[in-house]
Amino acid sequence: MSAPAAAPKAAPIDEAAVRAVDRALAALRRGEVVAIETADGTIGAAVSVESVALDTVDRLKALTGGTPRLAVTRRRAVVLGLAAAGAAPPASDIADDQAPGAAAEAFGAMTLDRPDGLTADQAHALADPEQYPQAQDALPAGLTATEACPGSREAAAVDLARLARLLPAAITADLPLPVSGGPVSGRAAVSAAEWAAEHDLLLVRASDVADYRVHVVRTLRRVADARVPLVGSENTRIYAFRPADGGPEHLAIVIGEPDPAQPVLARLHSECFTGDLLGSLRCDCGDQLRGAIAEIARQGSGVLLYLAQEGRGIGLVNKLRAYRIQDRGFDTVDANEILGFEADERVYLPAAEMLRQLGFDSVRLMTNNPEKLRQLARCGIAVVERVAHIFPANGHNEAYLRTKAERSGHMF
(Lines give C-alpha, C1' and ligand atoms only; values in the text may rest on other atoms or scores of the structure.)
Protein backbone atom coordinates (compact mmCIF):
# COMPACT_ATOMS: atom_id res chain seq x y z
CA MET A 1 0.00 0.00 0.00
CA SER A 2 2.35 2.73 1.23
CA ALA A 3 6.02 2.47 0.33
CA PRO A 4 8.40 3.83 2.97
CA ALA A 5 10.42 6.94 2.37
CA ALA A 6 14.18 6.74 2.40
CA ALA A 7 15.55 7.08 5.90
CA PRO A 8 17.00 10.57 6.39
CA LYS A 9 20.58 11.12 7.44
CA ALA A 10 20.36 12.31 11.02
CA ALA A 11 22.24 15.41 12.11
CA PRO A 12 23.85 15.45 15.57
CA ILE A 13 21.46 16.36 18.36
CA ASP A 14 22.21 19.56 20.25
CA GLU A 15 21.37 18.32 23.74
CA ALA A 16 21.85 21.76 25.29
CA ALA A 17 19.28 23.18 22.86
CA VAL A 18 16.78 20.45 23.73
CA ARG A 19 17.25 21.16 27.45
CA ALA A 20 16.81 24.89 26.89
CA VAL A 21 13.48 24.39 25.11
CA ASP A 22 12.30 21.94 27.75
CA ARG A 23 13.07 24.43 30.52
CA ALA A 24 11.31 27.19 28.62
CA LEU A 25 8.21 25.01 28.33
CA ALA A 26 8.18 24.43 32.07
CA ALA A 27 8.65 28.15 32.71
CA LEU A 28 5.72 29.05 30.45
CA ARG A 29 3.50 26.55 32.24
CA ARG A 30 4.46 28.20 35.54
CA GLY A 31 3.43 31.58 34.13
CA GLU A 32 6.99 32.92 33.88
CA VAL A 33 8.45 35.17 31.19
CA VAL A 34 11.01 33.56 28.87
CA ALA A 35 13.57 35.25 26.63
CA ILE A 36 13.71 34.27 22.94
CA GLU A 37 16.68 34.94 20.66
CA THR A 38 16.42 34.92 16.86
CA ALA A 39 19.08 34.05 14.29
CA ASP A 40 20.21 37.68 13.98
CA GLY A 41 20.93 37.82 17.71
CA THR A 42 18.05 40.12 18.65
CA ILE A 43 15.96 39.30 21.69
CA GLY A 44 12.43 39.48 22.98
CA ALA A 45 10.37 38.27 25.90
CA ALA A 46 7.21 36.18 25.89
CA VAL A 47 4.61 34.99 28.38
CA SER A 48 1.76 32.56 27.83
CA VAL A 49 -1.62 34.20 27.34
CA GLU A 50 -2.98 31.83 29.99
CA SER A 51 -0.79 33.64 32.52
CA VAL A 52 -1.99 37.10 31.58
CA ALA A 53 -2.75 39.35 34.55
CA LEU A 54 -3.82 42.99 34.59
CA ASP A 55 -0.21 44.14 34.94
CA THR A 56 1.29 41.78 32.34
CA VAL A 57 1.48 44.30 29.53
CA ASP A 58 3.04 46.95 31.79
CA ARG A 59 5.55 44.43 33.16
CA LEU A 60 6.68 43.43 29.66
CA LYS A 61 7.00 47.10 28.67
CA ALA A 62 9.14 47.79 31.71
CA LEU A 63 11.23 44.67 31.17
CA THR A 64 12.03 45.17 27.49
CA GLY A 65 11.31 48.79 26.65
CA GLY A 66 9.35 47.46 23.68
CA THR A 67 5.65 47.41 22.83
CA PRO A 68 3.86 44.16 23.80
CA ARG A 69 1.84 42.44 21.07
CA LEU A 70 -0.28 39.31 20.91
CA ALA A 71 0.98 36.35 18.91
CA VAL A 72 -1.58 33.71 17.87
CA THR A 73 -1.74 30.87 15.40
CA ARG A 74 -2.81 31.64 11.89
CA ARG A 75 -5.75 29.30 12.50
CA ARG A 76 -6.97 31.46 15.40
CA ALA A 77 -6.57 34.59 13.25
CA VAL A 78 -8.78 32.97 10.61
CA VAL A 79 -11.43 32.26 13.25
CA LEU A 80 -11.28 35.92 14.31
CA GLY A 81 -11.78 37.02 10.71
CA LEU A 82 -8.30 38.58 10.55
CA ALA A 83 -6.79 36.23 7.96
CA ALA A 84 -8.01 34.38 4.90
CA ALA A 85 -8.75 30.71 5.32
CA GLY A 86 -6.38 28.34 3.58
CA ALA A 87 -5.45 24.70 3.75
CA ALA A 88 -2.58 24.11 6.16
CA PRO A 89 -0.42 20.97 6.00
CA PRO A 90 -1.22 18.40 8.69
CA ALA A 91 0.81 18.73 11.86
CA SER A 92 2.05 15.22 11.18
CA ASP A 93 3.87 16.46 8.06
CA ILE A 94 7.04 16.68 10.13
CA ALA A 95 8.65 13.49 9.01
CA ASP A 96 12.37 14.08 9.35
CA ASP A 97 14.97 16.62 10.36
CA GLN A 98 15.95 17.51 6.83
CA ALA A 99 13.48 20.39 7.07
CA PRO A 100 14.43 22.35 10.21
CA GLY A 101 11.55 24.34 11.60
CA ALA A 102 8.95 22.43 9.57
CA ALA A 103 6.49 22.52 12.45
CA ALA A 104 6.47 26.28 12.89
CA GLU A 105 6.28 26.91 9.15
CA ALA A 106 3.40 24.45 8.69
CA PHE A 107 1.32 25.93 11.49
CA GLY A 108 1.98 29.62 10.91
CA ALA A 109 1.64 32.48 13.39
CA MET A 110 0.34 36.03 13.30
CA THR A 111 0.92 39.13 15.39
CA LEU A 112 -2.11 41.17 16.54
CA ASP A 113 -1.73 44.80 17.53
CA ARG A 114 -3.54 48.13 17.57
CA PRO A 115 -2.31 51.78 17.50
CA ASP A 116 -2.77 52.31 21.23
CA GLY A 117 -1.63 48.80 22.11
CA LEU A 118 -3.63 45.91 23.53
CA THR A 119 -4.66 45.67 27.14
CA ALA A 120 -4.21 42.41 29.02
CA ASP A 121 -7.97 41.83 28.95
CA GLN A 122 -8.12 42.40 25.20
CA ALA A 123 -5.23 40.02 24.55
CA HIS A 124 -6.79 37.31 26.71
CA ALA A 125 -10.17 37.69 25.04
CA LEU A 126 -8.67 37.50 21.54
CA ALA A 127 -6.80 34.29 22.34
CA ASP A 128 -9.36 32.50 24.51
CA PRO A 129 -12.71 31.56 22.92
CA GLU A 130 -14.19 31.14 26.39
CA GLN A 131 -13.89 34.92 26.74
CA TYR A 132 -15.46 35.85 23.39
CA PRO A 133 -17.51 32.94 22.01
CA GLN A 134 -18.00 34.98 18.82
CA ALA A 135 -14.83 37.07 19.04
CA GLN A 136 -15.07 38.51 15.54
CA ASP A 137 -18.15 40.43 16.70
CA ALA A 138 -16.22 42.18 19.47
CA LEU A 139 -12.79 42.98 18.06
CA PRO A 140 -10.95 46.01 19.49
CA ALA A 141 -11.02 49.05 17.21
CA GLY A 142 -8.01 49.43 14.93
CA LEU A 143 -6.84 45.85 15.39
CA THR A 144 -4.32 44.71 12.77
CA ALA A 145 -2.90 41.28 11.97
CA THR A 146 0.56 40.68 10.52
CA GLU A 147 2.09 37.40 9.38
CA ALA A 148 4.91 36.32 11.68
CA CYS A 149 7.92 35.14 9.71
CA PRO A 150 9.18 31.58 10.32
CA GLY A 151 12.02 31.80 12.82
CA SER A 152 10.64 34.96 14.43
CA ARG A 153 10.19 35.43 18.15
CA GLU A 154 6.41 35.53 17.68
CA ALA A 155 6.36 32.20 15.82
CA ALA A 156 8.60 30.64 18.46
CA ALA A 157 6.45 31.95 21.31
CA VAL A 158 3.29 30.47 19.80
CA ASP A 159 5.02 27.15 19.17
CA LEU A 160 6.31 27.07 22.76
CA ALA A 161 2.77 27.55 24.06
CA ARG A 162 1.52 24.79 21.78
CA LEU A 163 4.31 22.42 22.87
CA ALA A 164 3.50 23.21 26.50
CA ARG A 165 -0.14 22.14 25.89
CA LEU A 166 -1.36 25.65 26.70
CA LEU A 167 -3.62 27.83 24.59
CA PRO A 168 -1.46 28.50 21.51
CA ALA A 169 -0.93 32.22 22.07
CA ALA A 170 1.56 34.48 23.81
CA ILE A 171 2.18 38.13 24.59
CA THR A 172 5.58 39.15 23.26
CA ALA A 173 7.73 42.27 23.34
CA ASP A 174 11.03 42.96 21.58
CA LEU A 175 14.09 44.43 23.21
CA PRO A 176 15.09 47.55 21.22
CA LEU A 177 18.81 47.04 21.81
CA PRO A 178 21.51 45.87 19.37
CA VAL A 179 23.61 42.82 20.09
CA SER A 180 26.75 44.66 19.11
CA GLY A 181 27.71 48.15 18.01
CA GLY A 182 26.86 51.46 19.62
CA PRO A 183 24.47 52.25 22.42
CA VAL A 184 20.76 52.87 22.03
CA SER A 185 19.23 55.73 23.99
CA GLY A 186 22.39 55.93 26.03
CA ARG A 187 22.34 52.26 27.01
CA ALA A 188 25.18 49.93 26.06
CA ALA A 189 24.56 47.04 23.71
CA VAL A 190 24.12 43.65 25.37
CA SER A 191 24.08 40.07 24.21
CA ALA A 192 20.99 37.91 24.52
CA ALA A 193 22.65 35.76 27.16
CA GLU A 194 23.75 38.80 29.18
CA TRP A 195 20.31 40.38 29.10
CA ALA A 196 18.54 37.14 30.05
CA ALA A 197 20.98 36.53 32.91
CA GLU A 198 20.59 40.11 34.16
CA HIS A 199 16.82 39.64 34.41
CA ASP A 200 16.96 36.01 35.62
CA LEU A 201 15.11 34.71 32.54
CA LEU A 202 15.47 31.40 30.76
CA LEU A 203 16.84 31.97 27.24
CA VAL A 204 15.89 29.87 24.22
CA ARG A 205 16.72 30.23 20.54
CA ALA A 206 13.81 30.42 18.10
CA SER A 207 15.53 27.92 15.76
CA ASP A 208 15.79 25.39 18.60
CA VAL A 209 12.06 25.69 19.27
CA ALA A 210 11.34 25.00 15.60
CA ASP A 211 13.53 21.87 15.59
CA TYR A 212 12.42 20.57 18.99
CA ARG A 213 9.84 17.97 17.94
CA VAL A 214 12.19 16.15 15.59
CA HIS A 215 15.16 16.25 17.94
CA VAL A 216 13.17 14.97 20.92
CA VAL A 217 11.87 11.99 18.96
CA ARG A 218 15.40 11.04 18.02
CA THR A 219 16.26 10.80 21.73
CA LEU A 220 13.56 8.19 22.47
CA ARG A 221 15.08 5.32 24.45
CA ARG A 222 13.59 2.11 25.79
CA VAL A 223 13.80 2.47 29.57
CA ALA A 224 11.78 -0.44 30.99
CA ASP A 225 9.72 -3.48 30.05
CA ALA A 226 7.76 -6.12 31.89
CA ARG A 227 5.40 -9.04 31.32
CA VAL A 228 1.83 -7.82 31.91
CA PRO A 229 -0.86 -10.48 31.35
CA LEU A 230 -4.06 -8.89 30.03
CA VAL A 231 -7.62 -10.18 30.00
CA GLY A 232 -7.86 -12.25 26.85
CA SER A 233 -4.18 -11.73 26.08
CA GLU A 234 -2.01 -13.23 28.79
CA ASN A 235 1.19 -13.35 26.72
CA THR A 236 1.75 -9.60 26.72
CA ARG A 237 4.79 -7.46 27.38
CA ILE A 238 4.80 -3.66 27.78
CA TYR A 239 7.82 -1.57 26.76
CA ALA A 240 8.24 2.05 27.89
CA PHE A 241 10.05 4.62 25.74
CA ARG A 242 11.17 7.93 27.25
CA PRO A 243 12.41 11.04 25.41
CA ALA A 244 15.49 12.87 26.71
CA ASP A 245 13.45 15.98 27.52
CA GLY A 246 11.78 14.13 30.38
CA GLY A 247 8.39 14.26 28.68
CA PRO A 248 5.70 11.59 29.06
CA GLU A 249 6.58 8.05 28.05
CA HIS A 250 5.14 6.30 25.01
CA LEU A 251 4.27 2.61 25.49
CA ALA A 252 4.46 -0.40 23.21
CA ILE A 253 2.09 -3.25 24.11
CA VAL A 254 3.52 -6.35 22.42
CA ILE A 255 1.14 -9.32 22.31
CA GLY A 256 2.43 -12.79 21.53
CA GLU A 257 5.72 -13.24 19.69
CA PRO A 258 5.50 -11.21 16.46
CA ASP A 259 8.10 -12.12 13.82
CA PRO A 260 10.18 -9.06 12.81
CA ALA A 261 10.77 -10.70 9.40
CA GLN A 262 7.04 -10.42 8.65
CA PRO A 263 4.76 -7.36 8.56
CA VAL A 264 3.49 -6.97 12.12
CA LEU A 265 -0.19 -6.37 12.91
CA ALA A 266 -0.05 -2.93 14.51
CA ARG A 267 -2.32 -0.30 15.98
CA LEU A 268 -1.31 3.32 16.72
CA HIS A 269 -3.48 4.52 19.60
CA SER A 270 -3.23 8.05 20.98
CA GLU A 271 -3.95 8.16 24.69
CA CYS A 272 -7.44 9.27 25.70
CA PHE A 273 -7.93 9.64 29.44
CA THR A 274 -11.66 10.17 29.14
CA GLY A 275 -12.31 7.32 26.72
CA ASP A 276 -9.67 4.75 27.66
CA LEU A 277 -9.89 5.07 31.44
CA LEU A 278 -13.28 6.59 32.23
CA GLY A 279 -15.29 5.01 29.43
CA SER A 280 -16.45 8.31 27.94
CA LEU A 281 -19.20 7.95 25.35
CA ARG A 282 -18.20 11.16 23.49
CA CYS A 283 -15.62 9.26 21.43
CA ASP A 284 -14.83 5.71 20.29
CA CYS A 285 -11.34 5.59 21.79
CA GLY A 286 -12.04 3.08 24.55
CA ASP A 287 -13.71 0.71 22.10
CA GLN A 288 -10.80 1.07 19.69
CA LEU A 289 -8.21 0.38 22.41
CA ARG A 290 -9.85 -2.71 23.85
CA GLY A 291 -10.95 -3.90 20.41
CA ALA A 292 -7.41 -3.66 19.06
CA ILE A 293 -5.98 -5.69 21.94
CA ALA A 294 -8.66 -8.34 21.45
CA GLU A 295 -8.11 -8.53 17.68
CA ILE A 296 -4.33 -8.74 17.97
CA ALA A 297 -4.73 -11.54 20.52
CA ARG A 298 -7.19 -13.32 18.23
CA GLN A 299 -4.72 -13.18 15.33
CA GLY A 300 -1.91 -14.47 17.55
CA SER A 301 0.56 -11.58 17.75
CA GLY A 302 1.10 -7.90 17.11
CA VAL A 303 1.87 -4.55 18.73
CA LEU A 304 -0.23 -1.65 19.97
CA LEU A 305 1.63 1.64 20.37
CA TYR A 306 0.08 3.78 23.11
CA LEU A 307 1.18 7.29 22.21
CA ALA A 308 1.23 10.24 24.64
CA GLN A 309 -0.78 12.50 22.32
CA GLU A 310 -3.97 13.22 24.25
CA GLY A 311 -6.73 15.04 22.40
CA ARG A 312 -5.21 14.55 18.94
CA GLY A 313 -2.09 16.26 20.23
CA ILE A 314 -3.55 19.29 22.06
CA GLY A 315 -3.51 17.84 25.59
CA LEU A 316 -6.24 16.96 28.08
CA VAL A 317 -6.99 20.49 29.30
CA ASN A 318 -7.40 21.81 25.77
CA LYS A 319 -9.51 18.77 24.89
CA LEU A 320 -11.88 19.67 27.72
CA ARG A 321 -12.03 23.21 26.34
CA ALA A 322 -12.83 21.77 22.93
CA TYR A 323 -15.65 19.73 24.46
CA ARG A 324 -17.19 22.93 25.87
CA ILE A 325 -17.06 24.47 22.41
CA GLN A 326 -18.66 21.36 20.91
CA ASP A 327 -21.46 21.72 23.45
CA ARG A 328 -22.24 25.06 21.79
CA GLY A 329 -22.96 23.24 18.53
CA PHE A 330 -19.56 23.02 16.82
CA ASP A 331 -18.03 19.76 15.61
CA THR A 332 -14.70 18.30 16.77
CA VAL A 333 -12.73 19.87 13.89
CA ASP A 334 -14.26 23.32 14.36
CA ALA A 335 -13.63 23.17 18.12
CA ASN A 336 -9.90 22.57 17.69
CA GLU A 337 -9.63 25.37 15.15
CA ILE A 338 -11.57 27.84 17.30
CA LEU A 339 -9.01 27.21 20.03
CA GLY A 340 -6.26 28.01 17.52
CA PHE A 341 -5.10 24.47 16.84
CA GLU A 342 -5.15 22.46 13.65
CA ALA A 343 -7.81 19.75 13.39
CA ASP A 344 -5.20 17.10 14.21
CA GLU A 345 -1.84 18.00 15.78
CA ARG A 346 -0.46 14.50 16.21
CA VAL A 347 2.89 13.48 14.78
CA TYR A 348 3.89 9.89 14.03
CA LEU A 349 7.66 10.12 14.29
CA PRO A 350 7.55 8.57 17.79
CA ALA A 351 5.56 5.60 16.49
CA ALA A 352 8.00 4.96 13.65
CA GLU A 353 10.99 5.23 15.99
CA MET A 354 9.44 2.81 18.48
CA LEU A 355 8.69 0.29 15.75
CA ARG A 356 12.27 0.50 14.51
CA GLN A 357 13.68 -0.03 18.00
CA LEU A 358 11.42 -3.06 18.41
CA GLY A 359 12.79 -4.47 15.15
CA PHE A 360 9.78 -3.88 12.87
CA ASP A 361 10.06 -2.11 9.52
CA SER A 362 6.73 -3.12 7.96
CA VAL A 363 3.19 -3.28 9.35
CA ARG A 364 -0.36 -4.36 8.70
CA LEU A 365 -1.95 -1.26 10.18
CA MET A 366 -5.25 -1.35 12.03
CA THR A 367 -6.77 2.03 11.23
CA ASN A 368 -9.59 3.93 9.56
CA ASN A 369 -7.41 7.04 9.24
CA PRO A 370 -5.65 7.45 5.86
CA GLU A 371 -3.29 10.02 7.38
CA LYS A 372 -1.70 7.34 9.57
CA LEU A 373 -0.95 5.25 6.49
CA ARG A 374 0.71 8.19 4.76
CA GLN A 375 2.67 9.38 7.76
CA LEU A 376 4.13 6.01 8.74
CA ALA A 377 5.33 5.62 5.16
CA ARG A 378 6.88 9.11 5.25
CA CYS A 379 8.68 8.08 8.44
CA GLY A 380 10.21 5.02 6.78
CA ILE A 381 7.79 2.26 7.86
CA ALA A 382 6.22 0.19 5.07
CA VAL A 383 2.44 -0.22 5.37
CA VAL A 384 1.60 -3.36 3.43
CA GLU A 385 -2.07 -3.60 4.39
CA ARG A 386 -4.80 -1.55 6.04
CA VAL A 387 -6.90 -3.54 8.49
CA ALA A 388 -10.29 -1.89 9.11
CA HIS A 389 -10.99 -1.03 12.75
CA ILE A 390 -14.66 -0.02 13.05
CA PHE A 391 -17.03 0.03 16.01
CA PRO A 392 -20.71 1.00 16.21
CA ALA A 393 -21.89 4.37 17.48
CA ASN A 394 -23.24 4.47 21.03
CA GLY A 395 -25.92 7.16 20.92
CA HIS A 396 -23.58 9.95 22.05
CA ASN A 397 -20.85 9.90 19.42
CA GLU A 398 -22.75 9.73 16.10
CA ALA A 399 -21.89 13.33 15.21
CA TYR A 400 -18.26 12.80 16.21
CA LEU A 401 -17.92 9.74 13.98
CA ARG A 402 -19.71 11.48 11.13
CA THR A 403 -17.30 14.41 11.35
CA LYS A 404 -14.31 12.06 11.26
CA ALA A 405 -15.66 10.51 8.08
CA GLU A 406 -16.84 13.67 6.32
CA ARG A 407 -14.14 16.14 7.32
CA SER A 408 -11.12 13.99 8.18
CA GLY A 409 -11.57 11.29 5.55
CA HIS A 410 -11.81 8.33 7.92
CA MET A 411 -12.85 5.14 6.15
CA PHE A 412 -15.80 3.63 8.00
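Helix α5 (residues 120-127) lies across β3, β4 (109-113) and β6, and runs at about 5° to β3. Contact here means heavy atoms within 4.5 Å. Axes are lines fitted to C-alpha atoms, for helices over the stretch in contact, with angles from 0 to 180 degrees between N-to-C directions. Helices (H or I, at least four residues) and strands (E, at least two) are DSSP runs, numbered from the N terminus. Please keep in mind that this is a predicted model, where local features need pLDDT of at least 70 and side-chain atom pairs count only at pLDDT 80 or more, while totals for chains, interfaces and linings use all residues. Residues are numbered from 1 along each chain as its sequence is written, and side-chain values use heavy atoms, leaving out hydrogens and water.

Now to the sheet itself. Its 7 strands form an open sheet in the order β5-β4-β3-β6-β2-β1-β7, with mixed pairing; two strands pair if DSSP finds at least two bridges between them. β5 (144-148) and β7 (202-205) each have a single partner strand, so one side of each of these edge strands has no neighbour in the sheet. On average, neighbouring strands are turned by 35° against each other, direction ignored. Strands β3 (residues 69-73) and β6 (residues 169-174) pair in the antiparallel sense over 4 bridges, and Leu-70 stands opposite Ile-171 in β6. Helix α2 (residues 56-64) lies across β2 (43-48) and β6, at about 30° to β6.

Next come the charged pairs. A salt bridge is a side-chain nitrogen of Lys or Arg within 4 Å of a carboxyl oxygen of Asp or Glu, and the count by this rule is 27. Three of these pairs are set out here.

| Salt bridge | Distance (N to O) |
|---|---|
| Arg-69 and Glu-154 | 3.0 Å |
| Arg-324 and Glu-130 | 3.0 Å |
| Arg-242 and Glu-249 | 2.7 Å |

Arg-69 lies in strand β3 and Glu-154 in helix α6 (residues 153-163), so their pair ties together parts 85 residues apart in sequence. Buried means under 20% relative accessible area, exposed over 50%, and partly exposed in between (1.4 Å probe, protein chains only). Arg-69 is buried at 18%, and Glu-154 is buried at 10%. Both belong to a network of salt bridges that links Arg-69, Arg-153, Glu-154 and Asp-174.

In the second pair, Arg-324 is exposed at 52% relative accessibility, whereas Glu-130 is partly exposed at 29%.
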